Amino acid sequence: MTDIKTFEGTFNNVGGRYALVVARFNSFVVEALLDGAVDTLVRHGVSRDDIEIVRVPGAWELPVAVKKVLEKRDYDAVVALGAVIRGGTAHFEFVAGEAAKGIAAVQNSTGVPVAFGVLTVDTIEQAIERSGTKAGNKGAEAALCALEMVSLFKAL
Ligand code: INI
């Protein structure tokens, strides 16, 4: 296998410019995802000056905001952050489904990586577990994916 030319991202000196598009809904969880994402980018050498935060009301608004952000400003990757909690609403499926579909559509139409850091969980306890306690921090994981994709796209 070692003789086959392979393209992949690394986490060394990736650099790049990043937008973090952040839903306010369930902010007690989402702020922890945001902290995890910023911490991950900065600890991988991204300058704080190359990170910008864009806030929107809820996960429903993430796709259109990511689209607008990429039309108006220049970024190598976006991290979309939010938390959709089933216990909190009857229209969970609509909000979670449209956020996921919409973000995928923007990523595919623009060609700019948009990491999906949106929790879709049944309970507040599960959200807390995934935002910096026993199941890690989904915001940090999404930021790592963004770094890897920026690095990969530079390598291609
Ligand atoms: N937005 C979320 O980000 N998470 C949720 O859990 C949620 N719930 O439960 O309803 C939610 N709703 C708001 C939605 O994203 C829009 O902001 C709202 O419908 C106005 O367009």
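Visitor: Which residues is L41 in contact with, leaving aside its neighbours within four places in sequence?

Guide: They are Y18, L20, V46, I51, A143 and L147, where contact means heavy atoms within 4.5 Å. This is a predicted model, in which local features need pLDDT of at least 70, side-chain atom pairs count only at pLDDT 80 or more, and totals for chains, interfaces and linings use all residues. Residues are numbered from 1 along each chain as its sequence is written, and side-chain values use heavy atoms, without hydrogens and water.

Visitor: What makes up the largest nonpolar core?

Guide: It holds 27 residues, and Y18, L20, L41, V79, L81 and L119 have the most contacts inside it. A core is a set of buried Ala, Val, Leu, Ile, Met, Phe, Trp, Tyr and Cys residues joined through side-chain atoms within 4.5 Å. Two or more residues come from each of β1 (18-23), α1 (27-43), β3 (77-85), β4 (114-121) and α5; helices (H or I, at least four residues) and strands (E, at least two) are DSSP runs, numbered from the N terminus. The largest share, 7 residues, belongs to α1.

Visitor: How do you know that the span of α1 agrees with its 17 residues?

Guide: The expected span is 1.5 Å times one less than the number of residues. For α1 that gives 24 Å, and its end C-alpha atoms are 24 Å apart, so the two agree.

Visitor: Why is L156 called exposed?

Guide: Exposed means over 50% relative accessible area, buried under 20%, and partly exposed in between (1.4 Å probe, protein chains only). L156 has 61%, so it counts as exposed. This residue lies in the segment after α5 (138-155).
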